Amino acid sequence: MFKVILIDDEPLARQLVRALLEPYKQVTVVAECGDGFEGFKAIQEHHPDLIFLDIQMPRLNGFEMLELIENPPSVIFTTAFDEYAMKAFETHAVDYLLKPIVKERFEKAVQKWLQHAPAKEQIRVNELIEANIYEGYQHRIVVKDNGLIRIIPASEIFYIEAKDDYIKIVTKDGSYLKKNTLSHIELSLDPQQFVRVHRSYMIPVTQLKRIEPYEKDSHIALLHCGAKVTVSKSGMAKLKSLLGW
């Protein structure tokens, strides 16, 4: 028996998916969730084989929820986005269904998943998130903090530091670790607001207080928060270009 969770803020959309799943006796719906917070908790509790996931939801959207899950289940997206936009990550999920969902298209998606379900084939979440271009640059970062979900507005970030397989996000309220790469965060944040000044550091330009020479071809950026961040030669070039120096 395969366990399925429906995550969508539209009750009628969840009701439709549940009805369309009724002919599949090898599948059981173990939970229905109205937003990403509920979905995350349900996934941790039930460990489903498949989720039907909406993208635009209140509080926590579908992509942000996926970022919090270390070993995600298979995903079929249910979304109002047009097919052209979805092609950016079409190959990274089992499938996607455009709303209003058509029965024949739904059956094709489920059959596609069932062909791979015995192997527990997982989506490649990092690649999927990197293809997340559906609403432009992110204005917040979502992290897990001692079992809680914390949403950090980009405006509250002092700087971001690479830490092996993680990034450390430093804010006025403290620092938080997130399993991700600085390269991905660099792509997701507005380049007019955040600059990769070193292979290990990214800073918001609003935090920049002054820059002092350091070693050959490098500098030190003094931030308003009191931190000192190394600026490489290429990082300095980015700052000069952005700030018009």
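The model is predicted: local features need pLDDT of at least 70, side-chain atom pairs count only at pLDDT 80 or more, and totals for chains, interfaces and linings use all residues. Residues are numbered from 1 along each chain as its sequence is written, and side-chain values use heavy atoms, with hydrogens and water left out.

**Helix H5**
- Phe106, Ala109, Val110, Trp113 and Leu114 of H5 (residues 103-116) are buried (under 20% relative accessible area, 1.4 Å probe, protein chains only).
- These buried residues fall within an arc of 135° seen down the axis of H5, so they line one face of the helix; the arc is that of the directions from the helix axis to the C-beta atoms.
- Glu104, Lys108 and Gln115, on the other side of H5, are exposed (over 50%).

**Aromatic pairs**
- There are 4 aromatic pairs, counted where ring centres of Phe, Tyr and Trp (its six-membered ring) lie within 6.5 Å; planes under 30 degrees apart are stacked, over 60 edge-to-face and the rest tilted.
- Phenylalanine 2 and tryptophan 113 are edge-to-face, because their planes stand at 70°, with centres 5.1 Å apart.
- This pair joins strand E1 to helix H5 across 111 residues.
- Tryptophan 113 has a relative accessible area of 2%.

**Serine 232**
- Serine 232 sits in the loop between strand E15 (228-231) and helix H8 (233-243), and counts as buried at 18% relative accessibility.
- Its side chain makes a polar contact of 3.2 Å with that of serine 234 (a pair of N or O atoms within 3.5 Å, one able to donate a hydrogen and the other to accept it; residues adjacent in sequence count only if both atoms are side-chain atoms).

Technical notes. Helix = DSSP H or I, 4+ residues; strand = E, 2+ residues; numbered from the N terminus. Expected span 1.5 Å × (residues − 1).
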